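Welcome, and please open the structure in your viewer. We will go from stop to stop, selecting a few residues at a time.

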Amino acid sequence: MALCGGFPPGGGFLAERDPAAHETILSGDLSGDDGPDLVNNDENSYHVVTASNADETVVMDGFVVTGGNADGDSAMNRLGGGFFNIFGNPTLADCIFIDNSARDAGGGMYNNFSGSPTLTNCLFKRNATRFGGGGMYNGNSSPELTSCVFIGNTAGAVGGGMYTLEGNPMLANCTFGGNVANGVGGGMYNYNLSRPTLTNCILWGNSGAGRSDESAQIDGGSPSVAYSCIQGLDTLASEGNIGVDPLLIGDGLHLQAGSPCIDSGDPFGDYDEQTDIDGEPREIGDYVDIGADEFLDTDGDALPDWWEQLHFGSPTAGDASADFDNDGRDNLAEYVGGTDPLIPLRTYYVDLAGDDEWDGLARVWDGKHGPKATIQAGIDIAHPYEGDVAIVAPGTYTGDGNRDMGFFGKAITVRSSNPTDPEVVSATVIDCEGTETSPHRAFWFRPNDGPDSVVAGFTITGGYATEGGAVKCDSASPTLTHCTFIGNSASNRGGGMYNNEFSRPTLTGCTFSGNVAEYGGGMYNSFSSPTLINCTFSGNAATISGSSGGGGGMYNESSSSPMLTNCTFDANTTNRFGGGMYNISSSSRPTLVNCTFSKNEAGVGGGMYNGNGRPMLIDCVFSENVATGFSSSGGGMYNAYASPTLDKCTFSGNMATGMGTFHSGGGMHNFDSSPTLTNCTFIRNTATGTDAFRGGGGMFNTNSSNPMLTNCKFSGNTTNSRGGGMYNFSLSSPILANCTFSGNAASSRGGGMYNAAASSPTLANCTFSGNSAEFGGGIRNGTDGSPNLTSCVLWGNADAGGMDESAQLDSGLPALAYSCIQGLDGLAGEGNIGDDPVFVRSPDAGPDEVWGTDDDDYGDLRLMVGSPAIDAGDPSVTLEPGETDFDGHARVLCGRVDMGAYEFGIGDFDCNSSVDLDDYASWADCLTGAGGRAYAAGCEAFDFDFDRDVDLIDFAGFQNGFGE
């Protein structure tokens, strides 16, 4: 039996069939009210087609299957929204499975119990399931697929495109792109003993667990893959497989001219009777192409025959450089972008004085054309893929048509009359008027909304929803520019914006202000990685009634790795974790460049809280953030089981304070965490805890925290307890190199550093000066504190007893070698000295004699000519390539490392401890520069800016040092 679609209206002969031109739709939409992206499908049939027990003589050819929604209570009715098949082996050709869903498995098609259909030239698009197999599920089944395409299907767990459980499907010339799974295998997932065979297939642009590597394309089982194109190709690199961009056009199906997939398929296959997805013959060139499309270009103009035939009536009629619709894009650009070369870009208008019955083609009614009255009407009239623009006039837009809006895959721009003018943005308002009993948000973006779906220049307010008070993204990546989110709320997550299921929106110049939620007052990201540029989060709040959650400004969890550049988090609050930002899960790895966190407040982690998260921060500033509460910690940042990386970051004026006594880590608190810090500064941070096990004005490390700090500065940090600069507690053993501690103060012990409870930090080339405490102004150790110091300087630190040896380094079991200690007396160790290191300028607490105030002078701890610390450090030290001192200059300049954080000798070519005329005489020999190569002997002494090139810029530094 054969069931065929694609006949013209009124019927016709088989030769007149054209499924592309005459769609024959089988729909599960019983009420006829479905919207795009599975909206209003609650009443839809569980399955559109069932083919159980059908054999290969049962043929289904030329149909569109849509609207199935397997969300029933019984097991069977939760499977196979579009096509349900058990024990069946039917034959399907030229069928499209689109916008079907299933609660458990097989949104588009479900095959089980040896149900192994044969499919040719079929398309699976925008199907979804909560578990596995958004496009197709195979349970103990082995279907055969030829020239089939899986695009934009989603799975809540695994196998966005296809999931196979104990089966061996065979796929030839198939394409998987843009499929998404919350777990692994965005394109295809194979469980356990499944052994699919793939030949000449493309798997590119699929996403699994937030990744796009090989495992996101195909994962699990024992697949046999040959002559295929796999993104992130790694373990499958054999038998003609390639891992380079296939150059698919905007529709995700077709190849561009020059694609590496052209003529790269299996050279031994027989394709004489096969056609591609367009019905064109296979093996046009020397070999078959990889993927569902065979690139045929008779006239060699980079426009394929099928596209020219479709739009211009002949395979040679198109002109690649022509612009027939006058939209500024030539035909080649239209083909590559997947747009229609005969439909021009159009501008539509929306105005409160308009009418949705008008065509939207004029700003005001001119007798023939006039603006739409609602924003959704402006969206609806725009062409889906042509980049049309809807311009919205200033005004406050409320009610239906101006809230709960969707783009439904349209690549268009909706904007105010001037998105870069703040006055226009503030005057063009979307007021959602959402309440707990009547929730509404502004926009809900869905899987087919990509970067070309643009919203620009609006103020969005009054949104209320469970998730995403103003905007929600589900597997969507829209673009939002110059928008203000103010006064929106969510009862659960994302007061301003909620991004879910691998959403990757891009936001530029946006502001989130005064939004509220339990988690992520401003923004909440789950399995999502938005890009934010020049955005501001101000005055947002996460109000938590339970024991977890937070993220006043932003909350990132479960493989969420946003990229933030030049963003500001100011005065955001939560009563729990992360006033500015909360990062949880080891797979969440936000990257922040040149971002500022100021005056944010939380119970724990005033600026940022990282729970297993591993963010990277470059050139970021944390200032005046507060952790407040009974046991507040981490005024600037709190890390729990986390290992962030920080480079050139500053922590200033942050506080851990509040009621009670357990406040620690004014700048940073680390709990079983080992962050890496390079060139970072901690200045005037405060911890007010008075408990003996709390403190650490600059940093508190506990429970086996082992941070690594290089070229870092601790100055003016204070605590009411122990460890003004740093407190190391409970088996914490940080590693510090080239760090300085000056002007830090503790009311009790360890002005610069306190070590207790079997903590054993390692310090190399560190300098402590001007720190103060009642006991151990420089470093104080508990009875089992055992720091290891090499090539360090401790001088000018003070405690209640003065500035003797115990004021510099007191108690515990320190190991000391090649170091300079004021009042050296009872501390044994090789190479130690007790002579004045002769700093350029010693620290001074100023007239008020109080550290951490405005009149502090933290000194210049570089060594002067004649210092006994020059060339007196550990002679056996082994340095890493390119290792520098605190200033960034070569760590060893004259044969032996100096004591302390700074290396003397920059400009001192002859190593006589003076920059003089003898050194000047050698200048010309080094001036030609190293150019990134090894320096000529001694020339590193002239590289003042340490760019591995001795040039005239360095000469200015040489002049400044002359005579020293």
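Which residue in E5 is the bridge partner of serine 27? Select threonine 66 and you have found that partner. Before moving on, note that this is a predicted model, where local features need pLDDT of at least 70 and side-chain atom pairs count only at pLDDT 80 or more, while totals for chains, interfaces and linings use all residues. Residues are numbered from 1 along each chain as its sequence is written, and side-chain values use heavy atoms, leaving out hydrogens and water.

Now show strands E2 and E5 (residues 64–66), a parallel pair joined over three bridges. Strands are DSSP runs of E with at least two residues, numbered from the N terminus, and two of them pair if DSSP finds at least two bridges between them. Widen the view to the open sheet of eight parallel-paired strands, ordered E2-E5-E9-E13-E17-E21-E25-E29. E2 (25–27) and E29 (229–230) are the edges; each has a single partner strand, so one side of each lacks a neighbour in the sheet.

Next, select aspartate 61 and arginine 17, whose side chains form a salt bridge at 3.0 Å, N to O. The term means a side-chain nitrogen of Lys or Arg within 4 Å of a carboxyl oxygen of Asp or Glu. Aspartate 61 lies in strand E4 (residues 59–61) and arginine 17 in the loop between strand E1 (2–4) and E2, 44 residues apart. Aspartate 61 is buried, at 15% relative accessible area; buried means under 20%, exposed over 50% and partly exposed in between, with a 1.4 Å probe and protein chains only.

Finally, select Asp327, Arg329 and Glu334 to see a network of salt bridges.

Conventions: Helix = DSSP H or I, 4+ residues; strand = E, 2+ residues; numbered from the N terminus.
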